[in-house]
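Below are my notes on the model you sent, as numbered points.

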Amino acid sequence: MTVQGGERRDLAAVLQPLVRSLIAAELPVLAAHDLSMWGYVVLSALDDGPVRTQAALAEAIGTDKTRIIATLDQLQESGLISRTPDPADRRARLLSITEDGRKVRRSAQAGIQANEDRLLAMLPPADRRGFLRAVRALSALSREEIVG
């Protein structure tokens, strides 16, 4: 992780190839579950609980609300999510994961994490624990804290 002169490489430069490879490893698992990457992201977000609007969901997952409409349509057609009128505001739609959606998400996650476990097993146990602890700590930071 160092460059000439012993300097540390930028985190993004080190992590980006790893992230690209992790995503590439996830794609066949998601395809086997008939999910897109965005579909998996949406199911994961909704597994934490219903979301009141598409805009709120888009914000929670870090995308524009217009980009997820087709994904939401496909997930609903597959019976993996439901969109029901909000009793408090009939103009809004509550987005919820269905029981089938929860099963598909958990199965996909198990496949993804099986590969991650294989990869993590390449690290000594102490390094593996330290890496996971550091990733959790950095992931808990707000975007503002990271951007500065």
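1. Start with Gly6, which sits in the segment before helix 1. This is a predicted model, so every figure in this note is computed from predicted coordinates. Gly6 has a relative accessible area of 57% and is therefore classed as exposed, the cut-off being over 50%. Asp127 is 121 residues away from Gly6 along the chain, and the C-alpha atoms of the two are separated by 21 Å.

2. The protein chain holds 7 helices and 2 strands. Read from the N terminus, the elements run α-α-α-α-β-β-α-α-α. Along the principal axes, the C-alpha atoms fill a box of roughly 60 × 35 × 25 Å.

3. As a general point, nonpolar side chains in soluble globular proteins tend to be buried together.

4. Which residues does Leu35 contact, leaving aside its neighbours within four places in sequence? They are Leu30, Tyr40, Leu43, Leu75, Leu80, Val104 and Ala108.

5. The loop between helix 3 and helix 4 contains both Thr63 and Arg67. Is Thr63 buried or exposed? Thr63 counts as buried because its relative accessibility, 16%, falls under the 20% cut-off. Not counting residues up to four places away in sequence, Thr63 touches Trp38, Ala58 and Ile68. Arg67, by contrast, is exposed, with a relative accessible area of 56%. The C-alpha atoms of Arg67 and Trp38 are 9.4 Å apart, and the two residues are 29 places apart along the chain.

6. A search of the whole structure turns up 8 salt bridges. One of them pairs the side chains of Arg102 and Asp47, at 2.6 Å from N to O. Arg102 belongs to helix 5 and Asp47 to the loop between helix 2 and helix 3, so this pair ties together parts of the chain that are 55 residues apart in sequence. Asp47 has a relative accessibility of 16% and counts as buried.

7. Asp47 also meets the side chain of Arg105 in a salt bridge, with an N to O distance of 2.7 Å. This pair, too, links distant parts of the chain: Arg105 is in helix 5, Asp47 is in the loop between helix 2 and helix 3, and 58 residues separate them. Arg105 is buried, at 8% relative accessible area. In general, side chains of opposite charge can pair when their charged atoms come close.

8. A further salt bridge joins Arg52 and Asp86, whose closest N and O atoms are 2.5 Å apart. Here the distant parts being linked are the loop between helix 2 and helix 3, which holds Arg52, and strand 1 (residues 81–86), which holds Asp86; the two residues are 34 apart. Elsewhere, salt bridges that share partners connect Asp47, Glu99, Arg102, Arg105 and Arg106 into one network.

9. Last, the figures for the chain as a whole. Of its 148 residues, 23% count as buried. The accessible surface comes to about 9,900 Å², and carbon and sulfur atoms account for 55% of that area. Taking contacts between residues at least 6 apart in sequence, 47% join residues at least 24 apart.

Note on methods. Residues numbered from 1 in each chain as written. Predicted model: local features only at pLDDT ≥ 70, side-chain atom pairs only at ≥ 80, totals over all residues. Heavy atoms only, no water. Contact = heavy atoms within 4.5 Å. Helix = DSSP H or I, 4+ residues; strand = E, 2+ residues; numbered from the N terminus. Buried < 20%, exposed > 50% of the residue type's maximum accessible area, 1.4 Å probe, protein only. Areas by Shrake-Rupley, 256 points an atom, 1.4 Å probe, with all protein chains shown as cover. Salt bridge = Lys/Arg side-chain N within 4 Å of Asp/Glu carboxyl O.
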